[in-house]
Amino acid sequence: MNDPNRTQVLSNDPNRTQLGSPPTAVDPNKTMMGTGPSLNATATIKPTQCPVCKTFNPPGVMFCIECGLIFDKALPGDAFGAPAIQLPMLVDSSGREHPVRPGTNSIGREGDIQIVDGKVSRRHAQVTNANNQIVAEDLGSTNGTKVNGQALTAGEKRVLAQGDTVSLGGVELKLSLPGAGASGNTTQVFTSNKTAAMTAAPAVEVPPAMLVGEGREMPLHAGVNSFGRKAENDVCVPDPYISGKHGQIEVTDQGIFFTDLGSTNGTMLNDAKLAPNMRTLVTMEDVIRLGAMEFQIKVNPK
């Protein structure tokens, strides 16, 4: 007699999962060994942490986001312990190194190579590392780009050599090619994970004058220095009292001159309000007042 509450087993049900016999000779806990990789094949290795600079990288990148070590390409004669490639570097006045990775590298306050300075545009310039050459190009920046003191027009390209200086609105970067040969433009492969030492540290340029106040010392270069709240000014003071382009400070051989450019809240020199667009000589004893803030000029010895 059939129990109506009992599950019936249908031998010919096409929807029934069929159970096969278990594998007879395979131990499920045993590690299976495959064939070893050929040394003639390119091995793809995607480490989470860079073995050179120890930076953690997101999955799928080809280069280390910090030092540029190649992950997805085998080096010539590559084995698993192949040496890392040392990239060209742009070295700033503090000695900080910015790697120039293969391809195009934008430079600016929001670039691949970030330079946080009010004189540098968001996308100021770019350097391209390709075909054994490093090429610099200005991207229409506000304060311009110079190579070894010579200004570049927007879109103009200039091939760089070992030791060349790229100036971004007064911020200087010196090109270092680790292991450069006699030609000075070939990047070499090193057996060490350390960045090759430069033959000489980049010279630190001392500005002719400084704007001092509110716990800061802001460098002033020779010529006209724009002054205001906006970041594209040569001297940026992010305060709501300050106009976007408040004034300008001229550093000349005849002295230092301050001009208020018709700012909303004006400028006080000592206890007198400056007339708009009046070029006024200032000395190190004078006090420039912008609301509750006070600044003075400091002249550096030559």
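User: What percentage of the 302 residues count as buried?

Analyst: 35% of them. Buried means under 20% relative accessible area with a 1.4 Å probe, protein chains only. This is a predicted model: local features need pLDDT of at least 70, side-chain atom pairs count only at pLDDT 80 or more, and totals for chains, interfaces and linings use all residues. Residues are numbered from 1 along each chain as its sequence is written, and side-chain values use heavy atoms, leaving out hydrogens and water.

User: How many helices and strands?

Analyst: Zero helices and 22 strands. Strands are DSSP runs (E, at least two residues), helices are H or I runs of at least four, and numbering starts at the N terminus.

User: Which residues touch the most other members in the largest nonpolar core?

Analyst: Leu211, Leu220, Phe227, Val237, Ile249, Phe295 and Ile297, out of 20 residues. Such a core is a set of buried Ala, Val, Leu, Ile, Met, Phe, Trp, Tyr and Cys residues joined through side-chain atoms within 4.5 Å.

User: Which element gives the largest share?

Analyst: E22, with three residues. Apart from this core lies another, of 19 residues, including Ile115 and Val166.

User: What is the mean pLDDT?

Analyst: 76, and 66% of residues reach 70 or more. pLDDT is the predictor's confidence in each residue, from 0 to 100.

User: Where does it stay under 50?

Analyst: Residues 41-47 are one such stretch, with eight contacts (heavy atoms within 4.5 Å) beyond four places in sequence. Residues 181-193 are under 50 too, with 30 such contacts.

Methods: Buried means under 20% relative accessible area, exposed over 50%, partly exposed in between (1.4 Å probe, protein chains only).
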